[in-house]
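Dear colleague,

Please find below the structure that I am handing over to you. My notes on what was found in it follow directly after.

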Amino acid sequence: MPTQSLPRFINPTSVSVLLVAVIVLFYGSMLPDGGFSHNDEYLTLDRTNSFTLRDDWWSVYSENRPTFKKPPLQYWMGALLLETGMDRELALRLPSFVFAIGVILLAGLLARMMLPSNPWVFPVTVLLMAGSKRLWENAMSALLDNGATFFAMAALLATYAAVRQPRWWYVVALACGLGALQKAPIPVLISGVAIVGVAATYSWHRLPIGQSLRSRHFVLALILCFVFVVAWPALQWLIHGSASFREAYLDQIVERFSPFGEDRGRQPSIYSLLVAREPFLRIPAIIAMFWLPWRLQRMEFIGLPAMFAAYALVALGSSGIVSPRYSLIFLPMLMASLAAMTLTVVPGWRRQALAVAVLSAVSLGPLKPASVLDLKPDSQDKTAALMARVGAALGEDETLLVCRRNEGGLRLSPGAISYYASDGRPFYRLRSPDHLVHLQDSGTIQPPYRVLCGKSHFAKFGGLMTDVDVVETENGFMHWTAGEVVAGQ
């Protein structure tokens, strides 16, 4: 795009600043809209709230028990914001939103690395990134994926920078450490694949990868990276024992992505996992990312399609539940590749502008209203008051028992139960009458009980209990108190 034919104030930098400012103001104004709708958002609420309830910032609690499924970084952020008196939805969404803006900027920087000869690639990447509905669905939520993507991208860019200037390895170490505290040590894998890609294609680009890897900066950064990444799991092992490591890494990562783990039900198709309902944006971007190293003769970027292909194979063979949200980690790489290839392959700045406009239009533009993002009311609105009354009535000597569904299919999120109804104490979810009997016989639970279940469950569970007293019925759920469980009553 020839800047000489445009007014001086219209340049890549000013356009980028204006775009980002408009995006921040537009989406920032929507942050308080709607409520929590995803089950994992209630888990974030529960875990974040646990830090405000307990004087313990070195353990994450879920359902009022220590959990090791996710590390604490974003939960810490949300808890600190809650303690300032900030609105609940805003406090838990703000970290995701800030990370999303950071991801957009890092995507632009990656595009500049790919195509340094054309500064317009930065604002084009910003525009394409802003067209992703998936990005904003996560940015307007209390989910962890934007933070994980931000630290993965920071590690990737710093890795490419460190090939030429080894002092950047310290930034890689920091990004890997913070990424491991955010969700999982994903940045370590991203950086490792990028290093292998640069090293394997050395004969094409002659970048000083060997010299960089032999530098003292790399060695020191590698030590720091190891310390940063293992600090939290080591602390959890010291406090809670080896079960913490098994849950955090073997259950959540190894078994989820292993093809030999326990089958957990029907998986989304590989198309859904990779395209994530954005076919007109992502399919051209996938083609661009695989073509880019050869078309631009930038073989050092071969690691990008390689890690995407590796993820597709792992997700395809996974026995655990893999969410389309996980592919968000590749979105900046895809959009940077699409921007760089559009400005390279399409001839003439007018055709390039038209191509970018078409790509933006088919993604419904960079500014998506709340109706498009489907910002819904709190999914627990119909039951929040009932759960809150249960929590207020829960006696100090009572054990809370719950079922998650009523006969109409309305669900209670475990995170919402913990937040509204548990009074900061552990509760137990009932799976069957035999399970209820087993819980008492094993000494796991003791009477008296306060129970919240669907009306259809009352006969099933209430029939096993003595001194049953129904407190209230609402929205298909029944709240009652009871004495001990007597099998076969």
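Ser363 lies in the loop between H18 and helix H19 (370-373); helices (H or I, at least four residues) and strands (E, at least two) are DSSP runs, numbered from the N terminus. At 12% relative accessibility, Ser363 counts as buried, where buried means under 20% relative accessible area, exposed over 50% and partly exposed in between (1.4 Å probe, protein chains only). Apart from neighbours within four places in sequence, Ser363 is in contact (heavy atoms within 4.5 Å) with Gly131, Leu281 and Lys368.

Please note that this is a predicted model, in which local features need pLDDT of at least 70 and side-chain atom pairs count only at pLDDT 80 or more, while totals for chains, interfaces and linings use all residues. Residues are numbered from 1 along each chain as its sequence is written, and side-chain values use heavy atoms, with hydrogens and water left out.

Ser413 is buried, with a relative accessible area of 5%. Its side chain makes a polar contact with the side chain of Asn39 (3.0 Å). A polar contact is a pair of N or O atoms within 3.5 Å; within protein, one must be able to donate a hydrogen and the other to accept it, and residues adjacent in sequence count only if both atoms are side-chain atoms. Leaving aside neighbours within four places in sequence, the contacts of Ser413 are Asn39, Tyr42 and Gln380.

Turning to the helices, why is helix H5 (residues 121-130) described as largely enclosed by the rest of the structure? The reason is that 10 of its 10 residues are buried, among them Phe122, Pro123 and Met129. These buried residues pack against several helices, including helix H1 (12-28), helix H4 (88-114) and helix H17 (331-345).

In helix H13, the buried residues are Ser244, Ala248, Tyr249, Gln252 and Arg256. What covers them includes helix H12 (216-240).

Finally, there is an open sheet of 5 strands, ordered S4-S3-S5-S7-S6, with mixed pairing; two strands pair if DSSP finds at least two bridges between them. Strand S4 (428-429) and strand S6 (469-474) stand at the edges with a single partner strand each, so one side of each is left without a neighbour in the sheet. Strand S5 (residues 449-454) and strand S7 (residues 477-482) pair in the antiparallel sense over 6 bridges. Gly454 has Phe477 in S7 as its bridge partner.

Yours sincerely
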